[in-house]
Amino acid sequence: MSDSAPTAKRDGFTSSFGVLAATLGSAVGLGNIWKVPYMTGANGGAGFLLVYLLATLLIALPVMMAEIAMGREAKANPITALQRLAPRGLPWWLIGAFGMLAAFLIMSFYSEVVAWVFAYIVKAIDGSILSSDPAVTGAAFGQLISDPLQSLLWQWFVLVFIGGILLLGVAKGIEAVTKKLMPLLFVLLLVLCAVSLSLDKAAEGLRFLFQPDFSKLSASVVLMAMGLAFFKLSIGMGTMMTYGSYFRDEQNIPATTVRVMTADLFISMLAGIAIFPAVFTFGFEPAAGPSLVFITIPAVFAQIPMGHLLMVLFFVLTAVAATGAMLSLLEVPVAIIHERFGLTRRKATLISLLILALAGSTCALTNSTLAEFKLFGMTMFDLFDFLSSNLLLPLGGILICLFAGWVWGEERLLQALSNRGTLANQRLVGILFLLLRFVTPALILVVMLKGLALF
Ligand code: PFF
């Protein structure tokens with residue numbers, strides 16, 4: 001996706017399927033395979049998943065619909081979009097500015113996880129991680145993240161790679177390839193699920209995933225589940241507004257959104273089913289944290305014929321998915337800097353990558369040189385994750401709800417979401433309007449205040 005100048009005609013998606021695939025591409029990313037399983041494991045399993053599901057339905061879904069609708073109406077980057085939609089007066093464009101900050105924070109740690117995935121392609125090829133022994137796979141991961149030079153070099157490789165794609169103007173080509181390859185990752189996940197379900201302690205893994213133990217829930221866990229719902233659907237920070245600006249006028253926004261959400265949840269479930277039976281069978285630690293998928297997935301591949309080859313394929317496909325999500329994240333600052341400050345897209349990309357190289361390196365060094373460096377008791381990696389998912393995205397979500405519900409208003413929302421009355425979804429939009437006006441912002445606020453122990 002690219003746009004040449006603020007006033008020039010913007011490129012858009014050319015087909016309905018293209019819209020769905022690109023939006024899903026941003027949502028899926030690494031989150032399904034990496035973040036949802038590790039957070040579920042760290043927060044007690046099914047109870048956390050249930051809250052995440054509720055947060056997705058009651059909070060993330062309405063925000064996503066509003067955000068995409070606003071983007072399509074304004075056809076601009078998030079800051080300009082809000083200036084176009086809002087009457088003069090209150091600085092609603094701050095939603096876009098917060099979004100840009102959130103994008104940088106997320107990319108700072110996300111690029112490091114993408115770096116691990118790229119590094120794992122090499123490890124998968126040399127076969128050193130193909131083992132079901134937690135000591136072996138754990139040591140391989142530990143060796144990677146505790147080496148400052150390796151961590152930094154892999155992250156810079158990722159930044160140069162992503163920058164190269166944008167600067168060479170081949171992002172569209174990459175999106176096309178991603179679309180073709182993602183079904184393959186899906187099939188591979190199904191294979192992993194089948195293998196994992198045949199393991200000795202599969203039932204224990206499934207119980208952990210699907211039988212809630214509510215004693216593990218606390219206000220801060222609920223906040224994390226809500227933050228995950230925002231992060232997963234790439235909302236609250238302008239990414240979906242930017243995507244919405246490329247949506248075609250006849251695209252059915254509510255239907256597309258529901259499909260993206262359903263597919264995203266389904267893929268997360270598959271990843272959970274692939275991982276947790278193996279965790280219990282081979283004695284991994286469910287609460288291992290961000291390392292979980294990297295240390296357990298090799299154990300599943302070690303159980304199957306051609307596991308070596310399939311594991312290489314798995315990490316290559318995961319790297320492709322991660323690249324798509326990184327591109328969509330980078331699009332937020334690039335579009336803003338390009339359109340707001342009149343710089344070329346090339347310059348906007350270079351400036352964004354430079355900022356990212358600096359901020360991101362603090363996350364790359366979190367497990368080595370900067371291991372002891374903490375703010376508010378958190379390493380930079382955890383802090384950036386916390387600030388974006390648990391503060392900035394929910395805050396962006398509240399502002400989007402308030403803007404759509406109280407400033408933009410029912411009539412304009414209805415016009416936008418019913419494609420000027422050509423879709424017969426008035427009742428549905430009516431319910432959505434009530435959610436956006438009252439329920440969703442109130443829920444976000446209460447979860448944030450309680451989760452941060454502010455009242
Ligand atoms: N939704 C992506 C994932 O789950 O990996 C992460 C992400 C991408 C968040 C793009 C925000 C964003 F703008």
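Author: Happy to; we will go from the overall fold to single residues. This is a predicted model, in which local features need pLDDT of at least 70, side-chain atom pairs count only at pLDDT 80 or more, and totals for chains, interfaces and linings use all residues. Residues are numbered from 1 along each chain as its sequence is written.

Reader: How many helices and strands does the protein have?

Author: Helices (H or I, at least four residues) and strands (E, at least two) are DSSP runs, numbered from the N terminus. Here there are 18 helices and zero strands.

Reader: What does the radius of gyration tell me about the protein?

Author: The radius is taken over C-alpha atoms, and the globule rule is 2.2 Å times the number of residues to the power 0.38. For 455 residues a compact globule would come out near 23 Å, and the 21 Å of this protein agrees with that. Along the principal axes, the C-alpha atoms fill a box of roughly 60 × 45 × 45 Å.

Reader: What share of the residues counts as buried?

Author: A residue is buried if 20 or more other C-beta atoms lie within 10 Å of its own, exposed if 12 or fewer, and partly exposed in between, with C-beta atoms placed from the backbone. In this protein, 53% of the 455 residues are buried.

Reader: Which residues have the most contacts inside the largest nonpolar core?

Author: Such a core is a set of buried Ala, Val, Leu, Ile, Met, Phe, Trp, Tyr and Cys residues joined through C-beta atoms within 7 Å. The largest one has 159 residues, and A60, A225, A229 and M326 have the most contacts inside it. Helix α5 (residues 94-126) gives the most to this core, with 19 residues. For contacts, the rule is that two C-beta atoms, placed from the backbone, lie within 7 Å. Leaving aside neighbours within four places in sequence, A60 is in contact with A55, A229, F230, L233 and I235.

Reader: Which residues are closest to the ligand?

Author: A residue is near a molecule if its C-beta atom, placed from the backbone, lies within 6 Å of it. The ligand is surrounded by 14 residues, the closest being G29, G31, S234, T239 and A325. Two or more residues of this shell come from each of α1 (16-28), α10 (219-232) and α14 (307-341). Helix α14 gives the most, with three residues.

Reader: Why is helix α2 described as largely enclosed?

Author: Eleven of the twelve residues of α2 (residues 31-42) are buried, so the rest of the structure largely encloses this helix. Among the buried ones are W34, K35 and Y38. Just after α2, G44 takes a positive phi of about 90°.

Reader: And which residues of helix α4 are buried?

Author: In α4 (residues 78-85) they are P78, I79, A81, L82 and L85. They cover an arc of only 160° around the axis, which puts them on the same side of α4; the arc is that of the directions from the helix axis to the C-beta atoms. Their cover includes α3 (46-74), α5, α11 (239-245), α14 and α16 (380-408).

Reader: Is R420 buried or exposed?

Author: R420 is exposed, with 10 other C-beta atoms within 10 Å. This residue lies in the loop between α17 (410-417) and α18 (426-451), and has a positive phi of about 60° although it is not a glycine.
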